[in-house]
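Please read the following walk through the model with the sequence and coordinates open. The text moves from overall composition to individual side-chain pairs.

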Amino acid sequence: MTNPSHKEKQKKGKTEKSEGPGMSSAEEGFKKATELHQQGNIFQALSLYDQIIEQFPGNPKAAIAKTLVDGLQKERIGILWKAASDTRSQCNADEAVRFYNLIIEGFPDSPDANSAKTEIKATSEIQQSWNAALGFQSQGNESRALELYKHIIERFPHSPEAENAGLLMSLIHQNQVTPVREVIHDLDSQSGEN
């Protein structure tokens, strides 16, 4: 029974020693964390606030640090969501998935982690359909490409790919109609010249 508490004391002692003079008091640590936060070093500030909470649990600064950590985590999640959204709007699915994964890894128990998993699944499905449609179009199988573009628009109407799919569908339709018009126009022009 004495071993676990002894190990805890050893671990706590090691942690305190490893932090060095910078964490000699909650006040000093809090001051450094606040400076980092104000400078925009959110991730370093988070780390320092976490250390204050861990090393000085009864200190009033630890309670304030806990509130700030919660706020900073929301801010961090917001930054990652924005980055994922920005890359998705540029149809960069791989980079968006990387940001979604950072949310899942950094905040596994948050509702945002579940939302990020849903986004990864949808992004992967869109990407597969998108790649397949482009492949069919490049092979000249425009009817199959049209089906997949239509699927993307119907299934994921608010995705950037849906907008692009609509543009490509209209181009395919134009290409299917335009050559006939061009041929007739060319024939009329040639007959008028003779």
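A residue is called buried under 20% relative accessible area, exposed over 50%, and partly exposed in between, with a 1.4 Å probe and protein chains only. The model is predicted, so local features need pLDDT of at least 70 and side-chain atom pairs count only at pLDDT 80 or more, while totals for chains, interfaces and linings use all residues. Residues are numbered from 1 along each chain as its sequence is written, and side-chain values use heavy atoms, with hydrogens and water left out.

The protein contains 8 helices and 0 strands. Helices here are DSSP runs of H or I with at least four residues, strands are runs of E with at least two, and both are numbered from the N terminus. The order of elements from the N terminus is therefore simply α-α-α-α-α-α-α-α.

Of the 194 residues in the protein, 32% are buried. The protein exposes about 12600 Å², and carbon and sulfur atoms supply 53% of that area; accessible areas come from the Shrake-Rupley method with a 1.4 Å probe, and for residues only the protein chains shown count as cover. Among contacts (heavy atoms within 4.5 Å) with a separation of 6 or more, 46% are between residues 24 or more positions apart.

Next come the aromatic side chains. A search of the whole structure gives 3 aromatic pairs. Rings of Phe, Tyr and Trp (its six-membered ring) pair if their centres lie within 6.5 Å; planes under 30 degrees apart count as stacked, over 60 as edge-to-face and the rest as tilted. One of the pairs is formed by Phe30 and Tyr49, which is tilted, with 5.7 Å centre to centre and 55° between the planes. Phe30 belongs to helix α2 (residues 26-38) and Tyr49 to helix α3 (residues 42-55), so the pair ties together parts that are 19 residues apart in sequence. Phe30 is buried at a relative accessible area of 12%, and Tyr49 is also buried, at 1% relative accessibility.

An aromatic ring also takes part in a contact with a charge. The charged end of Arg98 sits over the ring of Phe99, 4.7 Å from the ring centre. The criterion is that NZ of Lys or CZ of Arg is within 6 Å of the ring centre and within 35 degrees of the ring normal.

Which kinds of charged pairs are found? The whole structure has 7 salt bridges, each a side-chain nitrogen of Lys or Arg within 4 Å of a carboxyl oxygen of Asp or Glu. One of them joins Glu125 and Arg155, whose closest N and O atoms are 3.2 Å apart. Glu125 lies in helix α6 (residues 111-138) and Arg155 in helix α7 (residues 142-155), so this pair ties together parts that are 30 residues apart in sequence. Glu125 is partly exposed, with a relative accessible area of 23%, and Arg155 is partly exposed at 46%.

Arg144 is partly exposed at 32% relative accessibility, as is Glu147 at 49%. Glu154 and Lys150 form another salt bridge, with closest N and O atoms 3.9 Å apart. Both lie in helix α7, 4 residues apart, about one turn of the helix. Glu154 counts as exposed at 58% relative accessibility, whereas Lys150 is partly exposed at 45%.
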